[in-house]
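Please read it alongside the sequence and the coordinates.

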Amino acid sequence: MRIALFITCVNDTLFPETGRHVVRLLERLGHEVVFPEGQTCCGQMHYNTGYRRPAATLAVRFVRTFEDADAVVVPSGSCAAMIRDNYPRLGGSGSRLSRKVAGLAPRVYDLTELLVDVLGVTDVGAYYPHKVAYHPTCHGLRMLGLGDRPYQLLRAVRGLELVELAGATECCGFGGTFAVKNGDVSSAMGADKARHAVESGAEVLCAVDNSCLMHIGGTLSRQRSGLRVAHIAEILASTEKEGALR
Amino acid sequence: MSATFLGIPPFPEAAHEAVNDSRLRHNLRKATHTIRDKRASVVTELEDDWERLRSEGAAIKNHTLRHLDHYLEQLEASVERAGGHVHWAADAAEANAIVTRLVQATGETDVVKVKSMATQEIELNNALAEAGITAYETDLAELIVQLGDDLPSHILVPAIHLGRSQIREIFLDQMAEWGVPAPAGLTDDPRALAEAARVHLRERFLRTRTAISGANFAVADSGTLVVLESEGNGRMCLTLPETLISVVGIEKIVPTWADLEVFMQTLPRSSTGERMNPYTSTWTGVTPGDGPQEFHLVLLDNGRTDVLADTVGRQALRCIRCSACLNTCPVYERTGGHAYGSVYPGPIGAILTPQLRGMSSEVDEALPYASSLCGACYEVCPVAIDIPEVLVHLREEVAAGPGHLGEKAMMKGAEAVFGSSRALDAAQRAAGAARNLVPRHLPGMAGAWTDTRDLPDVPAESFRQWWNKHEKGQS
Ligand code: SF4
């Protein structure tokens, strides 16, 4: 299958390895990955902070860039949710944008949805000999409804020991500009999440979204906890032969 | 009672205090998690019925709001037919004036109160006090807040922020001034505290001849008002006095008695985690020889018709004040209710308060941002109010206004960078080149981030740059 990669601005700029993991994983599974160059950002930050017009402009750009794709993979739960759940609210009813979004949005997938629902695999042939805890990010959990998919994928990874995370469904406190506008509350939420992660006994905390991981990871790093965060793509891309790509 | 929310700083500042108050954090965490877990278990046992009840509740409320003028007139007619009197109040001042006049007409200077959000919203107790009338709160948590000259911090459990030793102190210090004193040697055992309150209140119930209540629901076709409660103190106020005055927001209407079937299931489960609440009192006008012989209904607008005009924001008027969204909100859990600067705290407060009051103050402008948009509130709301949607909608209003220049400049900058992939690539290359210059602690707005968290390292190469090489390697 030919799969278009929407890398998202945060991943592109700060976490390029996540994109490389996705490419490595999908190519290993026998698929072709394309990266439409015109892509930039889904507009989530603008939208969530109340700047609707620039968000709509970015939605138009996204639609233009990806409208011909058979499937679009987004290795960021919140950006996938932005496209699927919020783009339809951006164009007026009956507008060109809404019509185009209605056509495209059902072909936009988070990585775990693409693997499980579209490609029909849960065992991706990965090897990752570590204790791992999974943090179900809010948008992955509630807007996309990822449910059991990430766990199914992780459970099939050889060598991986999945440990339980207390308070898993609670928000980590990132929330985009919330982390800056309400820094105290955001930090307090991040600290509780980090504590639960450490108490889980995991070596690695993973999620489908680097933004949340940046927040939790930044807290863990400040606390010198020794616990590492990793995007789920990194785990799924690792194999016995090639190890983890860092 | 003189406590008022006036003068509370905007949310981020008020939250700063709260987040650093470890006793408060402990009390809140314990209480919210207990109710949260109870709610989850009684909701789960209804299985698929829950989603059905939830959408029915939303549909009934939507229908009523769409035809509100019709149902309000119907309610007025049925209340008067049953021997009650209906009064219309456009705002808080009008409502307070009406109630004050009604109480004065009874010749009483003391009134007992059933816990009511509407009367808190209009600060009725303060208005009555100015007219020389003392209002006595009879709900246990409300009583604690009143005795402590404190402010409510939760819709259902206004004293949620207090621990039992704090409550004991308040009882010992204050009860005597308000009536029957607390027994000497009062301990902080919950049963002893409840007994002290019972003795204190009993004397009040037997002596007071005028009562003031709100209502959870007002049934348009029969003119019946409904109050749900756990302690039975409300029922005392609704049955013993001679005069009953009920202040009710105009959005509390349901068309028929049969509509209550849905809410009688969803409200107790959502608010206290019980399948059924202990006391449900209903009254229709007056019944000779039984209960209050004089009944007044004050229908309160106070900004509600303005909210109704906003097609996105109006869903907030579906709220049945169950407080499930407060108990599940990670932000509320860490700040408590006072930080919201309103009688409606938590997620519903963050969308309702700025709509009712209008967003002309710093406090009200900050409220739509008091959320990480995690969506937990929407998930639990028994009338499916999409709180995150309304928050973002209200943020648009704030962002469209004057001020927030730094933020606007940043958004503009981001817009330019994301306006073309070439601009983004150039910005990434610049960041990559300057990667070793990024300090660990950032000044200004970004400092809120680096105070407690490390920033990630900027990579030397963006994905885009890597991809171009990867592609070339393959061809
Ligand atoms: S918004 Fe929903 S969850 Fe919150 S108090 Fe109102 S009805 Fe309950």
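Between chain A and chain B there are 36 residue pairs in polar contact, counted where both residues have pLDDT 80 or more. On the side of chain A that touches chain B, helix α11 (residues 183–199) gives the most, with eight residues, and by class that side has 26 nonpolar, 20 polar and 14 charged residues. The model is a predicted one, and the values below are computed from it.

**Extent of the interface**

- The contact draws 60 residues from chain A and 63 residues from chain B.
- The size of an interface is often given as the accessible area lost when the parts come together.
- For chain A and chain B, the area buried between them is about 5400 Å², and 57% of it lies on carbon and sulfur atoms.
- Within chain A, the residues that lose the most area to chain B are A:Tyr51, A:Lys181 and A:Arg222, which together account for 12% of what that side buries.

**Charged pairs**

- Twelve salt bridges are counted between chain A and chain B.
- One salt bridge joins B:Arg464 to A:Asp12, with the closest N and O atoms 3.0 Å apart.

**Surroundings of the ligand**

- The ligand is surrounded by 13 residues, of which the closest are B:Cys319, B:Cys322, B:Ser323, B:Cys325 and B:Cys381.

Terms used: Residues numbered from 1 in each chain as written. Chains lettered and ligands numbered in written order. Predicted model: local features only at pLDDT ≥ 70, side-chain atom pairs only at ≥ 80, totals over all residues. Heavy atoms only, no water. Near = heavy atom within 4 Å. Contact = heavy atoms within 4.5 Å. Buried area = accessible area lost by both parts, 1.4 Å probe. Salt bridge = Lys/Arg side-chain N within 4 Å of Asp/Glu carboxyl O. Polar contact = N/O pair within 3.5 Å; in protein donor to acceptor, adjacent residues only side chain to side chain. Helix = DSSP H or I, 4+ residues; strand = E, 2+ residues; numbered from the N terminus. Nonpolar A, V, L, I, M, F, W, Y, C, P; charged D, E, K, R; others polar.
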